[in-house]
Amino acid sequence: MTDDAPASQDPERNRLTGRLARTAKVGANLSGAGLTFAAQSLFGGDKGDEKIARALAAALGKSKGPLMKVAQMVSTIPDFLPPEYAAELSQLQAEAPAMGWPFVKRRMRAELGAGWQDSFADFEKQAAHAASLGQVHMATMHDGRRVACKLQYPDMASAVESDVGQLKTVLGLFKRMDGSIDPTAMVDEITDRLREELDYAREAKHMALYELMLRQHDFVTVPDPVLDLSTDRLLTMTWMDGKRLTAFEDAPQETRNRIAEMLFWTWWGPFNSHAVIHGDPHLGNYQVTGEGTGLNLLDFGCIRVFPPEFVSGVVDLYRALSKDDFDATFAAYEKWGFEGLSKELVEVLNIWARFIYGPLLDDRVRSVADGVTAGEYGRREAFEVRRLLKEKGPVKVPREFVFMDRAAIGLGAAYLRLGAELNFYQLFNESLDGFDIEKVAARQAEARAAVGL
């Protein structure tokens, strides 16, 4: 993997001119939403929040890039936004028109040099996939291997820094209208993960980390990075073939249950053993192989490596809830990093915790939530928690909570899409077999050292 070029030779590093141009563009798009907010503040109306939410979604949809990705991200965290905003922003699509062949040639030449095409037997000119931060092209190596070349769009570092500032402005609207949650630490967490997504050298290490952590599970496959054809803004990896998760919604119950069980171990296994999660619950990041006997795990830009003590808090809370021990739940939230807690606030937080942990506390074969659609999973409970926090709060949510919550909701929604019926209690307790936080810390340190993280 090539080293970073000096800042003076890298025109795409975080530049002031790039940030200013991006801020002007996004600011113009958001101005309409701001005017809508001002009008509704003056004149009110029963549908005020819905109108602001629609205006904001329209503005963000025009902005594309990192800010739209962040909007989608926060919309999948049920307790982060008021329901009107979550509903509108969740409809934003991260898909974007692909950049054309002239861009591809310039990017590949900049990353691999003038003779880049000599490295491939074939390179598809049309993108196989395009998203908010980059696009993917299929290529064939001279030895016959098919690879995916993930190319980052120009000036993304500047766009991220500009959009982070805009994000704080946008969330200021929510805080003024709602005020039940202090989002400060959560914004910092989202910002850091977004910056990491631009570092393809780090993503290659994440890929190696997951291959190591999931090695004991022969049903899951992780792409292999091709390091000599990768840089900070180009990631080349083995091409993965498989079917989308949604293709199995009508499969036999046994098949759907098997896929859901594989998802469980792919997500909870690394968390309970190494304090690491895959933080992007998008269904497109999983492929099913062998007609339901295998799983491909994709996209390693949004990986959260936790302090091991945080995982200890997660396990402590589970055990406290299973024993209905209120004082122990209070201590677990403090271990997580929640600040300024009171008895009333913990009682409210326990409503959400009992929802998230509910299937794991119930020793029987069941769905993750009866009579609930994947899109509505967690919405009703989050609305009730937010309502109560307005009375008892606000609460300052620790940054580590953000992607843990988001990924858990995404995983639950995937179970609902599959209509899976499992004994989640038995699975979770099996994953905790021999759990020891010192061993978790040692495994994490060893794994990070092995992959250079």
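I began with Leu411, which is buried at a relative accessible area of 6%. Buried means under 20% relative accessible area, exposed over 50%, and partly exposed in between, with a 1.4 Å probe and protein chains only.

**Ground rules.** I am reading a predicted model: local features need pLDDT of at least 70, side-chain atom pairs count only at pLDDT 80 or more, and totals for chains, interfaces and linings use all residues. Residues are numbered from 1 along each chain as its sequence is written, and side-chain values use heavy atoms, with hydrogens and water left out.

**Entry 1: the whole chain.** I looked up the overall make-up. The protein has 16 helices and 13 strands. Both are DSSP runs numbered from the N terminus: helices are H or I with at least four residues, strands are E with at least two. Of the 453 residues, 53% count as buried. The protein exposes about 19700 Å², and carbon and sulfur atoms supply 50% of that area. Accessible areas come from the Shrake-Rupley method with a 1.4 Å probe; for residues, only the protein chains shown count as cover. Then I checked contacts, meaning heavy atoms within 4.5 Å. Among contacts between residues at least 6 apart in sequence, 74% join residues at least 24 apart.

**Entry 2: around Leu411.** I went back to my starting residue. Leu411 lies in helix α14, residues 401-418. Its C-alpha atom is separated by 9.0 Å from that of Ala260, 151 residues apart along the chain. What angle do α9 and α14 make where they pack? I found about 170°, with the axes 9 Å apart. The angle makes α9 roughly antiparallel to α14. I note the scale: under 35 degrees is roughly parallel, over 145 roughly antiparallel, 65 to 115 roughly perpendicular, and the rest oblique. Axes are lines fitted to C-alpha atoms, for helices over the stretch in contact, and angles run from 0 to 180 degrees between N-to-C directions.

I listed who makes the contact. From α9 the residues include Arg256, Ile259, Ala260, Leu263 and Phe264. From α14 they include Met404, Ala407, Leu411 and Tyr415. By class, this contact has 14 nonpolar, no polar and one charged residues. Here Ala, Val, Leu, Ile, Met, Phe, Trp, Tyr, Cys and Pro count as nonpolar, Asp, Glu, Lys and Arg as charged, and the others, Gly among them, as polar.

Entry 3: Helix α9 (residues 253-274) lies across β6, β10 and β11 (294-297), and runs at about 40° to β11. I looked up the sheet next. An open sheet of four strands has the order β6-β11-β10-β8, with mixed pairing. Which strands are at its edges? They are β6 (220-221) and β8 (243-244), each pairing on one side only. Two strands pair if DSSP finds at least two bridges between them. β8 pairs with β10 (residues 286-289) in the antiparallel sense over two bridges. There, Lys243 stands opposite Val288 of β10.

**Entry 4: β3 and its partners.** Five of the seven residues of β3 (134-140) are buried, so this strand is largely enclosed by the rest of the structure. I traced its pairings in turn.

- β1 (122-123) joins β3 by two bridges, antiparallel; Asp122 has Thr140 as its bridge partner.
- β2 (129-130) also pairs with β3 in the antiparallel sense, over two bridges; Ala130 stands opposite Gln135. β2 and β3 form a hairpin with three residues between them.
- β4 pairs with β3 in the antiparallel sense over seven bridges; Val136 has Lys150 as its partner. Their hairpin has five residues between the strands, and Gly144 in the turn has a positive phi of about 95°.

I followed β4 (146-152) onward to β7: five bridges join the two, antiparallel. Lys150 stands opposite Leu235 of β7. Strand β7 (234-238) is mostly covered, with five of its five residues buried.

**Entry 5: two positive phi values.** I looked for residues other than glycine with positive phi. Asp155 has phi near 60°. Asp155 lies in the loop between β4 and α6 (156-177). Buried or exposed, or in between? At 28% relative accessibility, Asp155 counts as partly exposed. Ala275 also has a positive phi, of about 60°. Ala275 sits in the loop between α9 and β9 (276-278), and is buried at a relative accessible area of 0%.
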